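Hi,

Here is the model we talked about. Please have a look, and then read my notes below.

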Amino acid sequence: MAPIKLASRICMKTLEVKELTKYFGKNCVLNNVNITFLPGEIHAIVGENGAGKSTLLKILMGQFPFDGGSISYNNKKMIFRSPFDAKENSFGLVYQELTLIREMSVLDNLFLGSEYTKHGFISRKKQIEKFDFLKEKFQFDISHDEPVKNLSLSKQYLVEVLRVLMEDSEVIMFDETTSALDDDEAESLFDIIRMLKDSNKIIIFISHRLNEIFAISDKITVLKDGELVNTLFTDTLTHDSLIELMVGRTIKDIYPAKIKPRDEIDFSVEGLTTKDLSLQNISFDVRRGEIVGIAGLKGHGQNILLDCIAGIRKYDTGKIKLENHLIPRGNVRKAVKNGIFLVPEDRKTEALFLNHSVGRNLTISILNNRYLYKVINKKRETNFINDSVCEMNIKCSSYKNMVSELSGGNQQKVVLGKVLGTEPKVLLFNEPTRGIDVNTKQEIMMRIRTLSDEGVSVIIYSSDLLEIIGISNTVYTMYEGRITRKLTDEQINEIEIMQGIHSGGEMR
Amino acid sequence: MSLKEKKSNIFANRNPNFFVYEILIIFLLISKLIVPSFLGIENISNILRQSAFLGIVAAGQTLVIITAGTDLSVSYLVTLGNVLSAQLLAGKDENIPVAFIGVALVGIIVGLINGMGIYFLKIPSLVMTLGMGSVLQGVVLIFTKGAPKGNASPAIRQLVSGNLLGPFPPVIFIWIMVSFIIIFLLKKTVFGRNVYSVGENPIASIRSGIPVGSTLVMVYIICGFLSAITGMLLVGYTGTSFLDAGTDYQMNSIAAVVMGGTLLSGGKGDYVGTIAGTIIICVLLSLLNIVNVPTYSRQIIRGIVILLILIVSGLQHKRR
Amino acid sequence: MTFKVRFVNHYKRRRDIYNIYALLLLFVIISSILDKDFLTLRNLTNIFTTNVPFLIAAYAQTIVILIGGVDLSIGACISLVTCIMATIGTEGGWWSAMPGIFISFLVCAVLGFMKGILITKFGIQALIATLSISLIIGGFSLAILDKPGGNVSKEFSKPFSSDISLFIICTIIFILIWFMLNYTKFGKYIYAVGGNSLSAYSAGINVDVVKISGFILSGFLIALAGVVSAASMRSGDPTSGEPLTLKSLTASIIGGASFSGGKGYIECTFAGVIIFAIINNILNLLGVSTFYQYIAQGLLLIFAIAITSIQDK
C-alpha cells in the first residue's frame, strides 16, 4: 500500500493548466493552453516576445483574471483574485523587476509584511535565526544588516528570490530573473533552483537565454502567439530545433522589399565606450538611406547605445559623426538640431504628452526647432497638423483629441509624425512596434522603408528578430556591450543572429 | 446617440472654464442675497481693484503651476516690492522710474535664483521657494530694520484709487493688459506651448528638443517680476508699506489658480480660468468684510473654502 | 573578518549617521573657536532647554517626511495648543491642566487624521493640504486668543522649566520613537510606504492606513511640543509656533531625511536640530541681528536640500 499512496500524493500535487484562454480587449493572448507542471521538475517556458509567457505567469499569480479554461493545483480548482491570494496558497513569483525597498536593510525587506514578532514587537533575534538558517541552507554571502541599495544587482535578485523562498511556497516561478545577471551570478542562482527541485517544488522558469534553459530545465514548453506549440523533454531538443519551434513561421508580407542603400557614408560611430563597460568599442558606419538593425538580448547594451547616439546618455570615449560633422556628446538638443532623433521604447513616458492634443504633440518638436520664441501661425500649424494626421494615417476623430485616448499603434504614429516633422537625417528606433497590432506594424514598417528611400539613415533595435530580419540592410549583433557580428544580405537570418547574440560570436 | 448620451457628451467636452464662471455667478448671486447693495458700482469697482492685485500675482503663479511647480515666495516678494518701492518713492513722483526699475530688478533676480535652483540643483520647487521666502523675509526686516518707511507718490496713488473710466481706477486696466499678455503668451507662442509641455512631461520635453531649463527659469522670472510689481502697486492702495503686505497672496494666488481649473500636477489650465478664480476670492473677501465677520472667522472661512476647492480639484484629477 | 574590515562595513551601513555627527562636532569646534562663551555648561544647557519644542516638532516632521509627505501646519498647530493650554485650567494645581492637555492631544490627533485623509483619499499634495490647514488653524488660534496672553498654571509649568525634567522627557520621547521605528511593524511599514509604496502594497501593507496613522502619530508629537512650549512660556501665543514649521523642516533635511520619503533617521534629526540650534546660538552670541537669522534659515534649507538632491543623483 505504501508506495502507491506515495505515488498518488505526488500525483495530487501537480499544477494543471487546462484550456486556458485570455483576451486583452479583442486580442487573444492565450488560446487554449494546456500544460501540466510536476513537482520536482524544472519546467521552462520559451517563446518570442508577445508569445504569452509573462501573461501566463501573471494569471497564475492572480494578477490577471482569465477568460476561459481552468487552473487546478493539488486537484483543486484555483481562482486567485490577487497576488496575496496566490501567496496564501503557496504560489510565489520572482519578478523580472526588482520590488525591494532600497533604503531598507536586507532583513527588513525579507520580512516586510510577514514580520516575526514577540509580544507584539519585532523580534530581530528570531528573524536573524531564520535568515541564518536560509543562509546555511542556500549558501549565500549577504549580511542581513546591509541596506539593499549597497548590494550588487545579483545580490538584490537573490534577496528577491529569498523573499519567495521564505514563504515556503510550493510553486515557484521565475520571470526572466536572470536577465540582469552575469553568468557566474546566474549559476549561483541555479544552484538554489536545483536545491528547490530536490525538495520537490514545482518550478516554472522563463528566460530568453537558451543556454540557461538547456543547462537547468527538465522540460520545455514552447509558446507562440499565445498558442501552445509543444511540451518536450529538454534532452530531446537541440538549440537549433528549439529555435525552429520558437520561430516556426515565415516572414509574412509585413516587411516591404529591401532596396540597396546609396554608397556614401552618412553617419558613423567610432569606438564608443562607457566607463562601466556597458558599451565597449562600438564602431559602425551607416550609409545614406541604409536601415541598420541591432540585435541582442535584453541588457546587452543596445538601449545604452541608442541613448548615447541620441544624446540622452553620456559615453566616455569615442566619436559620433554625421556628414563628417562631430556631434557633441550627451546633449539631446544638439542632437535633435543636427537631425538625430530617437523614437523611444517607452513612448508614454519618454515621447508623448498624454494629456495634450494630437495636434500639440505633432507640432511641439518642429516649433522648437524652427520657430523658437515666435508667435504661432495658427493657419500654418493647422495645415501642418492636418497633413501630418493624413499622411501618417492617424485614426482620431479630430486632431484635438487627447493622445491618451488613442490606441498604442496610433500613439506610435503620433510620435513618428512629430519626429518626421523636423526632417531628421538619422532616425533611431527602440522597439518601434512593441504593443502594436499587426496592421499598424506593417504601416510603420512601410513608413520606415519610404524614409530610407528618401535618404534618411535608420538604426533599429528590436527584440523581435523577425522585425530585424525583415527590414534591415545590415544587422549588428551585440553581446555584453560589444558588437559580435556584422551581417549583410543572405547572412541575415535567424540562426546567424541567434548565434551572434547568444555566444559572443564564437561558432558552436 | 440618445439624448442622455448627447447631454453627457456636452458636459464632457465643454470648456472647463464654464464651471468656474458658473461658480462666480453663484457667488455673486449669494452675495447679492445677503447684501442687497453688493452689486453696486462702487463695490464692484472695489472688488475689481482687489482682484487686480491678486490677479497679477496669480498670473505668474498660473505659469508656475502649469509647469507643475508652486511658488511659495510670492507673498514675501510682494512685501519686499511693497517696502522697497515705498522707500524709493519717498512720496515723490520723479522717483517712480527708479522705484520701478529697482523693484522689477529684485523680482527678476529672485525669480532667476528660484528657477536656477529648481532646474540645475533639482530642488523641489516648493522647498526652493519656501527657503527663498525665508531669505526674503530676512531681507525685508534688514532693509526696513523692522519699521518700514516711505510712502506713495501722488501718481501711484492716482493709479490705484483714481478714476479712469467711471469709478474704475487705472490699475484695473493694468491688470487687463497683463491678462492679455499672459493669455497671448500661453495660447499663441512657442514659449507658451513649452510651458505646458514641461509641466505635462519633462522627460519627453527634453527629448523633443524643448529648452526645458530656459523655459523654467523664464517662468519663475515672470512670476517674480509680477509679484514684485504688485507690491509696488499696493503702496498706492495703502499709501505706506507694511511688513505683512503680501502675506495673504501666498494661499490666495494658489487658490485662485487651482479654482480656475489649473491642476497642481501641471500641464493643463489657462489664465482665463484664473481670472474667475481671482474674482471669486475677492468677492468672498469683500462679502466677509461687508458683513463684518471677525478677522479670525474670515481666516477660517477662507481656509475652508480653499480646502473645499482643492478637494474638488483633487477629485476631478483622480477621476481622470 | 578583521576589525578594520568590520569597521569599514559598519561605517558604510551607517554612513549617514556618522557623517551628520561629524558635522555636528565640526560645528561645535567652530563655534567654540568663534566665541569662548559657547562651550560653557550654562550655554549648552541653554541651547538644549530652549529648543525642546523645536526638537519634538522636528521628530513630528521627520515621521511625516518618512512616509513621503511634509507638514507645513506644524507651527500653526503648536500655536493652537499653546492657546488652548493658556485658556483652559489656568489656575490651580497640576491636575487642573489635564483637560487642556487632553483637548490638545485630541485636537492634534484629529487634525493629523484630517491631513492624512486629505492626502490619501482626496489626492491633494501634502504641502498644499497642510498649508491650507494651517490657515484654518491660525484662524482658530486667533479666535481663542487674539494676542499673546492667557495663563498656564504655575504648578503645571514648574517641571517644564527645570533642565533635568526636560532632559528626561526628551530622552523618553527619543527612545520611544527610535524603538517604534526600529522594532515595531508600524515603524517598518513607515519606511516601506515612504520608500516604495507600490512594493509596500504588494507586500500586503495598507498604504493609506499607514500614512494616516503616521500623521496622527505626528499629531501627538505636535501636541506634546505645544504643551511644553506653553508650559515654558507660561502663556499662549497665536503666532509663537510659526517659525517652527520651517525650522522643523530644515532640521529634518539637514539630518538627511529625503523628500522622496523612506529615508531618514530619528538620531540624525536630533543632530540636525542641535546643529540648527548651535547656528542660531552662535549668531546670537556674536550679536548678529535676528533679522539675519531668517536669511540663514532659508539658505540653510536650500543648501541642505541641494546637497541631498545632488547626493541622490
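**Nonpolar patch**

Helix H5 of chain B (residues 96–120) gives the most to the nonpolar patch: eight residues. Helices here are DSSP runs of H or I with at least four residues, strands are runs of E with at least two, and both are numbered from the N terminus. The patch covers about 880 Å² of surface. Its members include B:Phe100, B:Leu105, B:Met116 and C:Ile310. B:Ile109 is another member, and B:Ile109 sits in helix H5 of chain B. Patch residues have over 30% relative accessible area and no salt bridge, with nonpolar side chains (Val, Leu, Ile, Met, Phe, Trp, Tyr) joined within 5 Å. Areas are Shrake-Rupley with a 1.4 Å probe, and for residues only the protein chains shown count as cover.

**How the model was read**

This is a predicted model: local features need pLDDT of at least 70, side-chain atom pairs count only at pLDDT 80 or more, and totals for chains, interfaces and linings use all residues. Residues are numbered from 1 along each chain as its sequence is written, chains are lettered from A and ligands numbered from 1 in the order written, and side-chain values use heavy atoms, without hydrogens and water.

**Chains A and C**

In contact (heavy atoms within 4.5 Å) are 21 residues of chain A and 21 residues of chain C. The rule finds one salt bridge across this interface, taken as a side-chain nitrogen of Lys or Arg within 4 Å of a carboxyl oxygen of Asp or Glu. A:Asp108 pairs with C:Lys188, their closest N and O atoms 2.7 Å apart.

Best wishes

Definitions and conventions. Patch = residues over 30% accessible without salt bridge, like charges linked within 9 Å, V, L, I, M, F, W, Y side chains within 5 Å.
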